[in-house]
Amino acid sequence: MNVFRYPVFIIIILVIFVGEFPQNVWSQKKGASRKPNSRLSPLLTNLYLGRFNKTLEKYQPAIEKEIGYCTEDVKKDFNGAFDFQGREEFFERCHKKLQDLPIRLCTVSELRVYFTSFLKNSGDKKSVSQSHFLEPTRNCNLSSWSAGCEAGWASAVNPGQKYDYNETDPKKMPFRTSNSKPCCDGFFCPQGLTCMIPCPLGAHCPVAKLNPSSGICLPYHYQLPSGKQNHSCGAADMWVPVQLGNEIFCDPGYYCPTTIKKIECPRGSYCRMGSRVKYRCFTGSMCDKGTELPSMQVYGILLIVLLTAILIVVYNCSDQVISTRYEKQAKSREAAAKFARETAQARQKSRASKDNWKPSGLQGLQDTLSRKFSRTKTKGSTLSGFSSPQRKESPSVSDSLENDKGSNLENGDKSSKHARRASKELHTKSQIFKYAYGQIEREKAMDEMNMNMEMYGDDVFLRKRPRIEIAFKELTLTLKGKRKNIMRCVSGKILPGRISAVMGPSGAGKTTFLSALTGKITGCTMSGDILINGKNESIHSYKKIVGFVPQDDIVHGDLTVEENLRFSARCRLSADLPKAEKVLIVERVIDALGLQGVRDSKVGTVEKRGISGGQRKRVNVGLEMVMEPSLLILDEPTSGLDSASSSLLLRALRREALEGVNISMVVHQPSYSLYKMFDDFILLAKGGLTVYHGPVDKVEEYFAGLGITIPDRVNTPDHLIDILEGIIKPGGNVTAQQLPVRWMLHNGYRVPPDMLHLCDQNGSSSSSLSSSSTSNKHVDGQREVEKYNYFTTPDLSGRVTSGVFRQYRYFIGRVAKQRLRDARAQAADYLILLLAGACLGTMAEVSDVSFGYTGYQYTVIAVSLLCMIGALRTFSQDKLQYRRESASGMNSLSYFLAKDTMDLLNVIMKPLVYLCMFYFFSYPRSSFESNYLILLCLVYCVTGISYTLAISLEFSQAQLWSVLFPVVLTLIANQDKSSAISLVSQFVFPRWALEAFIIANAKEYTGVWLMTRCAALKKFNFDIHNSRKCLCYLLATGVGCRIIAFICLISRSK
């Protein structure tokens, strides 16, 4: 009951939160609507705004050239600062007060002097007092300094003077020295200019008041000139970036609908510095009267509780979804198996009753004729060449499940095609399982009729698979850069339908020998010939029907036994094989290897215990058996197995051999009974020399001819290996070193010149030596071991496996299961991101001076580092499994795309999880969606970089680089323009992410903040137009790194 309380609780909180979130977060720009002024705007305001707009249109290119880096749309930004429609009260009041306002307003040339002086000094660290001074002008210099040049004062244009308002040359600005008066409220008058400039929106510019004790005009902090008793305080004296002076900015906790009116923020609303309107507080947050920022920690804590509860549920219940599904599937499978057993028992009883009724002579004659005609039909229908490998099936699905009368188990080949067609019509799991288990029971009945497996040699009930016969002549391998031979002059042949055992002491090159036959050897040069079916063809051309079982148990530990086998069958069997046939093959292998009891158990890893070591070894072999190979190479498959498990494995392989599979394996110390189950025996001496290669039943006869007898109660391979190790003397007139030479002479092979001294000097041996040496003088030159090339190596297997898109679907399903079972690690990643977002959001205050640069810098480092380390697991944990699957012919592109597709969930969710904390604890001016979009592109970029590191480096090295990369590159991105390394900073991803964050925040600073925006962007060398470009750079880097990672994946697998 407690399990179901969590989701209900979470859904209730989520509904409440989602109901408020869009209404508040995404609408934070929408303040209270300003009531329009119903009366007409005064003529003076219209004239000023009209002239101002015409000037902007005329000089827009020049303005964009000067400050284009901080104005996305010049007209829009300046209208946002100087749109006084409906706010023209201060124009009327000032005109009534001065009566000559138009001739006191600054012209274009005077405005250019002020803003040009600001732009030159914007990046310098200057004090507030220094920011008052402008360069000398025509009206304010050492020889001419009227009262209008003082801070807060202005003068009128001298009478009778003609001037052009749009003149841009500062040397042609009008003479303005007469009738000096204090500026009006709503305007600012810089020291060094004699004209008036309207204060931008978001400012509060009342007339200053003199502080008698200090002589300073408050709140602007300029002093009255000495010696001028009639000089009073005027209006504001400057509009500069906030770090140089914030006197004209509307105070925090207040909003200023006009530049002369300041209203305290009411309860339930908040007002940032420079606000023109009030913003409604979030529901549930505390906003008292005069609040600058709402208390967003409540939402942050609520999100922490919500997400933590979700993670706890995922952590505890991640595996239950798959387990529930498998429980239903297991019930269906058990019901099908029970039905098949009951059907087989009924069929057996029916046959027994018929046998009891028939006369004994007639029954014997019928059995003889039945076997005779069964052999004839089977041999006539055997597949030849390299057609698709198929088994002989039952007459039909309905017959195999229901019809017990008149069924003849020995007549399987007659209706196998009908059974294959019928299997294509099966769709439900119940039908497929019934079909599969019915076929398995029928095959077991065949085994019982023949009494033992050896009878299959005469009565062939199984269709043969495509034949692969491998012949090798004078095969020699030499280490590159050295003259050391690890295999010399090995000649022989391994045949289809036989099981060959490769044995020898340590260092004899057993694994090297089999790896050379399958084209998997590296770091060597090779001489000699390897023929496939008598032709000089590459073994890689048959890779789709060649199985290689490595010595190590390379299986997916987080998948069950059945999942491992089923995935291998889906990807490696013929694409046109019906689903029911694939299920039958998997079920047959599980039954043959004795894995029924652990089929739904996870294989396990070193950290997490799973099935036993012997069962894991059998799963390792089963991965190759389910693809129905024609050539099966096994490297020590019985190591670590007890005698019973080894016998079970050999019986399963014996059945494969009866279908025409060419099986060779490396075996260590087999028991006598196990040794007798092999067909051929290959014994290698140290240095890779052949001592014996032939049938098992001829071993003792051959060595007896050399004077070596096998003692009673001693296993033949153990005794021979002890002789090769030097533990036991061989006896007779031969030494252990001479045994390889004796084998060469026995078969007429060429003896290497450096081994001639080991030959006997008697006449027969000399003549044999001379004949073999003269007849086999041809030695192939050394060459590189041939490697598989997708474009040049032809496919001669005759099997068409699943394409890219179908394998992509299979990989997607497998990766999804692995992620669900690894949900605890994913939950830990999200929890760390939650804590990081909460901590950094609390510590990093979003400053109006730097637009939150410090907080965003910490964000780029933290998110990049945590996401890169988390993404390393995508490709680092299953490198060995991928190499095995890639070597078997599975598609690497499907594998890579499936991994990347499943990681897109993390790419989408991790920025959201982090931002839910960081945004509500720091609450920047930029919107939630703009911050999320930037973080999304950043995480996509660093995930691609992490892929490249994980594939190309070892896991420990990749972790180190994942930590260093974000930190070092962020430091490079923060270098000054004067530094030599600043050239590199333009091409690192932290630079692009930081620029995108700052630009998104800077766009929200309008009106009175325009100067601050320009100063900050110039300081950081950012351009407001680069927002999309930065996001494109991040995405392009992510795509490019993924392409590089895929290339590394392919090259490393070779």
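Predicted model: local features only at pLDDT ≥ 70, side-chain atom pairs only at ≥ 80, totals over all residues.

**Exercise 1.** Determine the strand order of the open sheet of six strands, and identify its edge strands.

*Solution.* 
Step 1. Reading across the sheet gives the order S16-S17-S18-S14-S19-S20, and the pairing is mixed.
Step 2. An edge strand pairs on one side only, which holds for strand S16 (546-549) and strand S20 (689-695).
Step 3. On average, neighbouring strands of this sheet are turned by 15° against each other, direction ignored.

**Exercise 2.** Describe how strand S14 pairs with strand S18.

*Solution.* 
Step 1. Strand S14 covers residues 499-503 and strand S18 covers residues 662-666.
Step 2. Four bridges join S14 and S18, in the parallel sense.

**Exercise 3.** Explain why one side of S5 and one side of S7 lack a neighbour in their sheet.

*Solution.* 
Step 1. The open sheet has three strands in the order S5-S6-S7, with antiparallel pairing.
Step 2. Strand S5 (209-211) and strand S7 (222-223) are at the edges and have a single partner strand each, so one side of each has no neighbour in the sheet.
Step 3. S5 pairs with strand S6 (residues 216-218) over three bridges in the antiparallel sense. Within this pairing, Leu210 lies opposite Cys217 of S6.

**Exercise 4.** Which residues gather in the patch of positive charge on the surface?

*Solution.* 
Step 1. The patch consists of Lys429, Arg570, Lys579, Arg806 and Arg809.
Step 2. Among them, Lys579 belongs to helix H14, which comprises residues 579-592.

Conventions
Residues numbered from 1 in each chain as written. Heavy atoms only, no water. Patch = residues over 30% accessible without salt bridge, like charges linked within 9 Å, V, L, I, M, F, W, Y side chains within 5 Å. Areas by Shrake-Rupley, 256 points an atom, 1.4 Å probe, with all protein chains shown as cover. Salt bridge = Lys/Arg side-chain N within 4 Å of Asp/Glu carboxyl O. Lys, Arg positive; Asp, Glu negative; His and termini not counted. Charge placed at Lys NZ, Arg CZ, Asp CG, Glu CD. Helix = DSSP H or I, 4+ residues; strand = E, 2+ residues; numbered from the N terminus. Pairing = 2+ DSSP bridges. Axes fitted to C-alpha atoms, helices over the stretch in contact; angles between N-to-C directions.
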